[in-house]
Amino acid sequence: MEKFIEMEGIVMPLDRANVDTDAIIPKQFLKSIKRSGFGPNLFDEWRYLDHGEPGMDNASRPLNNAFVLNQERYQGAQILLARDNFGCGSSREHAPWALLDYGFRCIVAPSFADIFFNNCFKNGILPVVLNNKVIDDLFVRVENEPGFSMKLNLPDQKVVLPDGTVLDFEVDAFRKDAMLQGLDDIGMTMQKADKIRQFELDRSKAAPWVFQYEGM
Amino acid sequence: MNAKTLYDKLWDEHLVDDEGGTSLIYIDRHLVHEVTSPQAFEGLHLSNRKPWRPASMLAVPDHNVPTTVDSAEVDDPVSRLQIQTLDQNCTHFGVMEFGMSDPRQGIVHVIGPEQGATLPGMTVVCGDSHTSTHGAFGALAFGIGTSEVEHVMATQCLIAQKSRNMRIRIEGDVRPGVSAKDVVLAIIGEIGTAGGTGYAIEFAGSVIRSLSMEGRMTVCNMTIEAGARAGMIAVDQVTIDYFRGRPFAPAGEMWDRAVDRWTELHSDEEARFDREVMIDGSTIHPQVTWGTSPEMVVSINDCIPDPGDESDPVKQEGMRNALSYMGLESGTAMQDVFLDHVFIGSCTNSRIEDLREAARIARGRKVADSIKQALVVPGSGLVKRQAESEGLHQIFIDAGFQWRNPGCSMCLAMNADRLQPGERCASTSNRNFEGRQGQGGRTHLVSPAMAAAAAIAGHFTDPESV
Ligand code: SF4
């Protein structure tokens, strides 16, 4: 995983609550057995006027110019400003893969769905929770100030706006550390292999039926 | 000793390590399907790792499989590659798989309990958000992303943070004709799709206790639609009876030992919950969703609500978008909404009791001429076989339904079963998101009885009135 320390980027607003992972990356693209290449199909149904299928030449598809992602002023955006319950629905990690592949490194919203929130950290995307009032205000400012960008600083847990306003955000210490160092979760857990083995041994005595399927 | 909730007990029993708010928990059962596993298996390959305990895993293709043919032939080459990849990975890593031609093949959340591969007191994970289904058995079960799938494969553990405790009690008597699906839709209507975010939900109360295991699975299945990753129900005699004689369940002396442990799987009398919700079961009517989020739900006797009555501007805008997407107008009576398709299936409602319920309504009747297609897709090969032995398939076929092979099918339309833009469907599945059943498709979530009734009438109607 790539490290995340700080970044600055253009903000793209997506003014809808309950944006689900089906909307982020429609299911027909889940047939891929790879982790990459989902960017051109991010928000596919909102972004294009035709129906997308895997293998299509996306560059020649008709764009829905009313959708924010296609608007000139938001090209190159790396921060997504969203509404409540962002990322609800399916557990598909293809959703953060698509966001990342497109270029988003950070999502700011009043709340996130749990599984999606978790999946973001596993992929080096920082999900930032800010309260509804602040989010409302950001939507207004992004709309009114072309090129509106924000700075994200993970070590200090701060968002800095163009006028110098600083907003604090919370982040779990463990996840923060993993992101700052770009650590591989599996490698970290493997360091506790002895503990896991001991636990497993104890459990196989206490609840042998959990393990009886071994060798079936 | 501190009084504990069911969730606390399950959590504590699986805690391997606990460091500053982030914990390592041990995973007993790992269910795997073709869509969210290839990248995880690839990760193992690339880093030269092996699954920690392959026997904890059970794999099945379900999301992509066609429901029309009796063979293992998949026409779509992209889907075929994904299914073949699962077969190859399972062979390579020594993982048990119920392949396409195995009679036990079916939707991952149907086959786990059916085989007894999911048991009370287990931690169960799967790269699928509806893993919450398995909580019905007093298990701690939740969906995970693909990175976590790989993590569980490699370490048998998951890095997790403990959720807060919520209890939803539904007390009283429900009206005749109100099913588990109606109960859970009413719960989501009450607390909202983000109401359970950050919580593990325990469903309790007399209404829950009176449900069969299959009904309890329907309730827990949709916990994720209320924002909570895990939903669960205490073990009682109904739970224990369900597992007796299942292939992967313990037997003999081991069975007795297991039952002793399982009977402890309930919240202590004194246990404290961070949030409690109480719902009067007698107020629940058959439910229908009208919008593009499961919380946009009303009773069958109601009209489509008016966004103008909603004070929150973001919600109001959401309602307007939903009405426009769904091609509906506020004030329309739900019973006046006509349909093009009916889908009976999915991990929410494709088990034998669901099919019996739908067949009860369909028996001796005919699907309305205006319905383009009415599908019945059993949850597994074994459910299909059971239904056929009871003659349910014949009831459906005689009424004009199509009787299909098991799989996820039109629940998410990754295979050929899907809606065309603008088509309207009464569906027993769990998500009515935009495009869920096909781009531009319009989904209304209902119970199996309501779906069957709607197929007969051509529009929504109280199942008890047909
Ligand atoms: S039936 Fe639907 S909800 Fe259930 S696992 Fe399959 S796609 Fe997911």
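Visitor: What volume does the second largest cavity have?

Guide: The second largest cavity has a volume of about 150 Å³. Fifteen residues line this space, and Cys88(A), Gly89(A), Ala113(A), Ile224(B) and Gly227(B) are the closest to its centre. A cavity here is a set of points, on a 1 Å grid over the protein atoms alone, where a 1.4 Å probe fits but cannot get out, and lining residues have an atom within 4 Å of a point; its volume is the space filled by probe spheres set on the points, which are joined across faces, edges and corners. The model is predicted, with local features requiring pLDDT of at least 70 and side-chain atom pairs pLDDT 80 or more, while totals for chains, interfaces and linings use all residues. Residues are numbered from 1 along each chain as its sequence is written, chains are lettered from A and ligands numbered from 1 in the order in which they are written, and side-chain values use heavy atoms, without hydrogens and water.

The lining of the second largest cavity comprises seven nonpolar, six polar and two charged residues (Ala, Val, Leu, Ile, Met, Phe, Trp, Tyr, Cys and Pro count as nonpolar, Asp, Glu, Lys and Arg as charged, the others, Gly among them, as polar).

In the whole structure, five cavities of 30 Å³ or more are found. The largest holds about 210 Å³ of space and has 24 lining residues, with His63(B), Asp128(B), His130(B), Leu412(B) and Arg436(B) nearest its centre. Eight of the lining residues are nonpolar, eleven polar and five charged. The ligand takes up this largest cavity, the criterion being that more than half of its atoms lie within 2 Å of the grid points. Among the residues surrounding the ligand are His109(B), Ser346(B), Cys408(B) and Asn430(B), each with a heavy atom within 4 Å. The shell divides into five nonpolar, five polar and two charged residues.

Turning to charged pairs, the count comes to 38 salt bridges over all chains (a side-chain nitrogen of Lys or Arg within 4 Å of a carboxyl oxygen of Asp or Glu). Asp17(B) and Lys192(A) form one of them, at 2.9 Å from N to O. Asp17(B) lies in strand S1 of chain B and Lys192(A) in the loop between helices H7 and H8 of chain A, so this pair joins two chains (DSSP runs of at least four residues for helices, H or I, and at least two for strands, E, numbered from the N terminus). Asp17(B) is buried at 8% relative accessibility, whereas Lys192(A) is partly exposed at 24% (buried is under 20%, exposed over 50%, partly exposed in between, with a 1.4 Å probe and protein chains only).

Technical notes:
1 Å grid on protein atoms, 1.4 Å probe; cavity = no way out; pocket = protein on both sides within 12 Å on 5 of 7 lines; lining within 4 Å.
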